[in-house]
Amino acid sequence: MYQDVRFDPATVTAAMRGNQAALDGLVASCLPLVYNIVGRSMDGHADVDDVVQETMLHAVRGLPGLRDPERFRPWLVAIAIQQVRGRWRTGNRLASPTELDPDLADPAADFVDLTIAKLGLQGQRLEVAEATRWLDEGDRNLLSLWWLEAAGELTRSELADALELTSQQVADRVRRMREQLDAARVIVRALRASPRCAQLASLARDWNGLPSPLWRKRFARHTRECDRCAYRWSDLVPADRLLVGLALVPLPVGLALPELRASVGGRAHAGSGNSGGWFAKAGSVLSAKPAIAAAAAVVVLGIGVVAANGWGAFDEPSPKEPTAAAGTESMQPAVTASMSTSPSPSDASPKPSVSRFGLLPPGAKLPSGAQCATAVRAKPIRENKAVNATANRTTGHTVPGATAPLTRVDGKFTGTTEQILRWAACKWGIDEDMVKAQAAIESWWHMDNKGDYGTDASRCPAGHGLGEDGAPGKCPESYGIMQVRYPYNMQAFPGVEKSTAMNADYAYAVWRSCYEGKMTWLNTVDRGSQYKAGDAWGCLGVWFAGRWHTDAAEQYVKRVKEYLSQRIWTTRNFQQP
């Protein structure tokens, strides 16, 4: 359960000594952790952003004085907790979100709602999140750290260091907090029941609807003593087992640190030179990334959801972390053109056209892989990415335990890179030029492309352990021509890593699921408009952002359209025969 998750000491040391690039990366990496600690500790209070700013300000200014780079994480966590406690002390008793002026309060500031929405929680995981509203301030502070411990973001020793307690003292406090949390979980169940227990309904007549310690005690006592409600205690899955596999709640889009920028100025630390670099990095992270890390990566005891990264109509995915294709961005020519038109649906016949594969409307009968193979091979196309030779000759496999439309995925085709992309476009009824342009954005048509490097060994596929791909202490999570991400698509490996056809086949099965209108969960999370079937570009944006027509999705689609308008795959710089 406890993972050795630490910031790279070499990076910390470099940042301490004034290396701007190291500081950029360190700050961007810190923000999600600090935001989660502060957000959960303060129950989503409106001052969360301010406390995050203050924490980062203290960390940046104090970094040169850090004695041991190995202790950076507990040092940072301790600063965050100190800032939360300081805010509570100086403000006496901060108003809870429900007590704020409704005209001034931002509903999105409720951290419980953010947790539920961003991580797509269901079942008992949802109950745990809602139950946190019933905890006392001290227990919420502890829960904010213990939640991250259970999610693998902190170790027990780091938690103890941050609280300035021994491991045994932390264990005792965690046990008491969990008892309160379990009581709150039962309360959530009992109050949500329909019809509600008559005695509980009578007890709640004088309740104002706001969670409080007093009413938690009253309701908990009732659930233990009431014959009708007592059974709700019987099947509580241990909270830590529900939290295993959960990553950080994504930073809210638009979160900015203007006061921090103004306060630090050029004094971040000695020898830093230009202090704008890491602020630019933070601004990019906050404005462009609808998520820093993916949500739940595993199903625990069949409860909750498996998050995916474009991964279909099966579960509620977290937004994909925007990343440039590793090692390819500098190879790509400048893009200035734009394109606003969308492909038009073509005839719904399952017989593919040899000359060009167009967009088939929702509900159309799709051609088989064999039909598409015959049609594609009727038009010879020279290879322009010789680096893909082995992957292009490798076929894929079916997806274990798949449901429609992933049951059609098999990666059963070989050919040149462009032929493979045409085959996938034909099989899934998507305009072939959209496919070619998107693949250029994702990987510059390189099947050996890897991205989304992380430090968690559990998120590394076989053969790609930490440090094995040239990045010390890290492994790539995304692979191939369409950058399929391992932690959320494990069932598609090793095929999507080794076979170009399998990689493209899998990616556009997901696109077709969205295009057919099966991803109805998109209307339950933040979105730019109502999700509906038949929007080819909207579904292209979902692959990147995990959300429907949000700013991040729109920017991604814009880039694809720019490459499409240039027909970038035909340009001189693109050719690597």
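This briefing describes helix packing, nonpolar cores and some backbone features in one protein structure. The model is a predicted one. The protein has 22 helices and three strands, and of its 577 residues, 55% count as buried. Among the contacts with a separation of 6 or more, 69% are accounted for by residues 24 or more positions apart.

**The nonpolar cores**

- In soluble globular proteins, nonpolar side chains tend to be buried together.
- The largest nonpolar core in this protein has 74 residues, and those that touch the most other members are Tyr506, Tyr508 and Trp511.
- Two or more residues are given to this core by each of α15 (369-377), α17 (417-428), α18 (432-443), α20, α21 and α22 (551-566), and the largest share, 11 residues, comes from α20.
- When neighbours within four places in sequence are left aside, Tyr506 is in contact with Val399, Leu406, Val409, Val484, Asn489, Gln491, Ala492 and Val496.
- Another core, of 64 residues, lies apart from the largest one, and its members include Tyr35, Phe72, Ala162 and Met177.

**Helix α20 against helix α21**

- Two packed helices are described by the angle between their axes and the distance between the axes.
- Helix α20 (residues 500-515) packs against helix α21 (residues 536-545) at an angle of about 130°, and their axes are 9 Å apart.
- On the α20 side the contact is made by Ala507, Val510, Trp511, Cys514 and Tyr515, while α21 brings Ala536, Cys539, Leu540, Val542 and Trp543.
- Sorted by class, this contact of α20 with α21 has 10 nonpolar residues, with no polar and no charged ones.

**Helix α17 against helix α20**

- The axes of α17 and α20 come within 9 Å of each other and cross at roughly 30°.
- Angles under 35 degrees count as roughly parallel, and α17 and α20 are therefore roughly parallel to each other.
- The crossing in which α17 passes α20 is right-handed.
- From α17, the residues Ile420, Leu421, Trp423, Ala424, Lys427 and Trp428 meet Thr500, Ala501, Ala504, Asp505, Tyr508, Ala509, Trp511 and Arg512 of α20.
- By class, the contact of α17 with α20 has 10 nonpolar residues, together with one polar and three charged residues.

**Backbone features in the loops**

- Most residues other than glycine have a negative phi, and most peptide bonds are trans.
- Ala404 and Pro405 are joined by a cis peptide bond, whose omega is about 5°, and Pro405 is found in the loop between α16 (389-392) and α17.
- A cis peptide bond also runs from Phe493 to Pro494, with omega near 5°, and Pro494 has its place in the loop between β3 (484-485) and α19 (495-498).
- Trp444, a residue other than glycine, has a positive phi near 60°; this residue sits in the loop between α18 and β1 (450-454), and Trp444 is buried, with a relative accessible area of 0%.
- His549 likewise has a positive phi, near 55°, in a residue other than glycine, and His549 lies in the loop between α21 and α22.

Conventions
Residues numbered from 1 in each chain as written. Predicted model: local features only at pLDDT ≥ 70, side-chain atom pairs only at ≥ 80, totals over all residues. Heavy atoms only, no water. Axes fitted to C-alpha atoms, helices over the stretch in contact; angles between N-to-C directions. Helix = DSSP H or I, 4+ residues; strand = E, 2+ residues; numbered from the N terminus. Contact = heavy atoms within 4.5 Å. Nonpolar A, V, L, I, M, F, W, Y, C, P; charged D, E, K, R; others polar. Core = buried A, V, L, I, M, F, W, Y, C linked by side-chain atoms within 4.5 Å. Buried < 20%, exposed > 50% of the residue type's maximum accessible area, 1.4 Å probe, protein only. Parallel < 35°, antiparallel > 145°, perpendicular 65-115°, else oblique. Left-handed = near helix turned anticlockwise from the far one by under 90°.
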